[in-house]
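Subject: Structure for your review

Hello,

Here is the structure I said I would pass on.

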Amino acid sequence: MKVRLGDIELKNPVIPASGTCGFGQEMSEWFDLNILGAISTKGTTREPRYGNPLPRIAECPAGLLNAVGLQNPGVDEVIRHEMPALRAKYNGAIIANISGFSIDEYAYVCERMDKETDAAILEVNISCPNVRHGGMAFGTNPEAAAEVTRAVKSVTTKPVYMKLSPNVTDIASIARACVDAGADGLCLINTVLGMRIDIRRRKPVLANTYGGYSGPGIFPIALRMVHQVRQACPDTPIIGCGGVSSAEDVIEMMMAGANAVEIGAASLQNPTACKDIIEALPGVMKELRIEHLEGLKSLRV
């Protein structure tokens, strides 16, 4: 079940997605974190953030909407408290998810996190609004995505994985721009922009009006985009994410081109989802006559 993300070996491909396990403390109440391939921590910004106003979660068929708004204690507190607390309970690879609202903020947080020895990979979320360009997400434009990538790579020696937005017309061109700008890997996809209306109150369910849709409903979209990016970036490590909720989904995502897989909304519905998937993987591999998950690279469609 071992897989690799560049030079980093994981005992299995299952990673809790950023924002769905906090900084590991919540999930550690349900199972031993050391069974995981890696952990992607909650998105971290320069300053502490409360996030968006309530309500900011809405259940939907085949998933949920969230507009949490990057609630986090800020990079200083994450380095001072959250990372050491996670390392005390977990001995595997820690992926530090980084968010920002300007190029300077991305660079600042990544430079601070570069000195954090417990962070193995920096996962840079470029779905945040680009305040210099009227709120458009950095990840919706190849030039802006490349600009963030170059800025981050200039201040860190750690592997940088750019987390891509699906709310674009051509994700392959954005992926290629990031790789050409120096990205060591890619993570995709983030949530799909959605909305729900309370027809009795005649107003949006979320205080923020729009939110990110995640869960099984977006799995086919994520799978298609991972496959497109694999064709565009044949040698780049990819973490597949979006609606994965079973061992079979993990295999399917890896056949599409992912090297490892993040589990998000499934863990919010069932806190032991990652554990259950890891335990189910050997049986699915046996059924499909897969001896080594790394060997799925040769099966990419």
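The helices and strands named below are DSSP runs, numbered from the N terminus; a helix has at least four residues and a strand at least two. Please keep in mind that this is a predicted model.

**Backbone**

The loop between E12 and E13 holds Ile 189. Another cis peptide bond joins Leu 54 to Pro 55, where omega is about -5 degrees. Pro 55 sits in the loop between strand E4 (38-40) and strand E5 (57-60).

Some phi angles also deserve a look. Thr 209 is not a glycine, yet has a positive phi of about 70 degrees. This residue lies in the loop between strand E15 (203-204) and strand E16 (211-214), and is partly exposed at 26% relative accessible area. Arg 289 is likewise not a glycine and has a positive phi, about 60 degrees. Arg 289 belongs to the segment after H9 and is exposed, with a relative accessible area of 78%. For background, most residues other than glycine have a negative phi, and most peptide bonds are trans.

**Cysteines**

How many disulfides does a search of the whole structure find? The search finds zero. A disulfide is a covalent bond between the sulfur atoms of two cysteines. For Cys 178, the closest cysteine sulfur is in Cys 233, at 8.6 Å, so the two are too far apart for a bond. For Cys 187, the closest cysteine sulfur is in Cys 241, at 5.2 Å, and this is also too far for a bond. The cut-off used for a disulfide is a pair of sulfur atoms within 2.5 Å. Cys 178 is buried, with a relative accessible area of 0%, and Cys 187 is buried at 0% as well.

**Salt bridges**

The structure holds ten salt bridges. One of them pairs Lys 163 with Glu 262, at 3.9 Å from N to O. The pair links distant parts of the chain, with Lys 163 in strand E11 (residues 160-163) and Glu 262 in strand E18 (residues 260-263), 99 residues apart. Are these side chains on buried or exposed residues? Both Lys 163 and Glu 262 are buried.

Other bridges lie within a helix. Arg 176 forms a salt bridge with Asp 180, and their closest N and O atoms are 3.1 Å apart. Both residues are in helix H5 (residues 171-180), four residues apart, about one turn of the helix. Arg 176 is partly exposed at 31% relative accessible area, while Asp 180 is exposed at 58%.

In helix H9 (residues 273-287), Lys 275 and Glu 279 are also four residues apart, about one turn. These two form a salt bridge, with 2.9 Å between the closest N and O atoms. Lys 275 counts as partly exposed, at 25% relative accessibility, and Glu 279 is exposed, at 51%. Why can residues with this spacing face each other? An α-helix has 3.6 residues a turn, so residues three or four places apart point the same way.

Lys 2, Arg 4 and Glu 9 are linked in a network of salt bridges.

**Helix H6**

Helix H6 (residues 219-232) has 14 residues. The distance from its first C-alpha to its last is 20 Å, close to the 20 Å expected at 1.5 Å a residue. The buried residues in H6 are Phe 219, Ala 222, Leu 223, Met 225, Val 226, Val 229 and Arg 230. What do the buried residues of H6 pack against? Their partners are H5, strand E12 (185-188), strand E17 (238-241) and helix H7 (247-256).

**Surface**

A nonpolar patch on the surface is formed by Leu 193, Met 195, Ile 197, Ile 199 and Tyr 210, which together have about 530 Å² of accessible area. Of this group, Leu 193 is in strand E13 (residues 192-194) and is exposed, at 57% relative accessible area.

Regards

Key: Residues are numbered from 1 along each chain as its sequence is written. This is a predicted model: local features need pLDDT of at least 70, side-chain atom pairs count only at pLDDT 80 or more; totals for chains, interfaces and linings use all residues. Side-chain values use heavy atoms; hydrogens and water are left out. Patches are made of residues with over 30% relative accessible area and no salt bridge: like charges are joined within 9 Å, nonpolar side chains (Val, Leu, Ile, Met, Phe, Trp, Tyr) within 5 Å. Accessible areas come from the Shrake-Rupley method with a 1.4 Å probe; for residues, only the protein chains shown count as cover. A salt bridge is a side-chain nitrogen of Lys or Arg within 4 Å of a carboxyl oxygen of Asp or Glu. Buried means under 20% relative accessible area, exposed over 50%, partly exposed in between (1.4 Å probe, protein chains only). The expected span of a helix is 1.5 Å times one less than its number of residues. Contact means heavy atoms within 4.5 Å.
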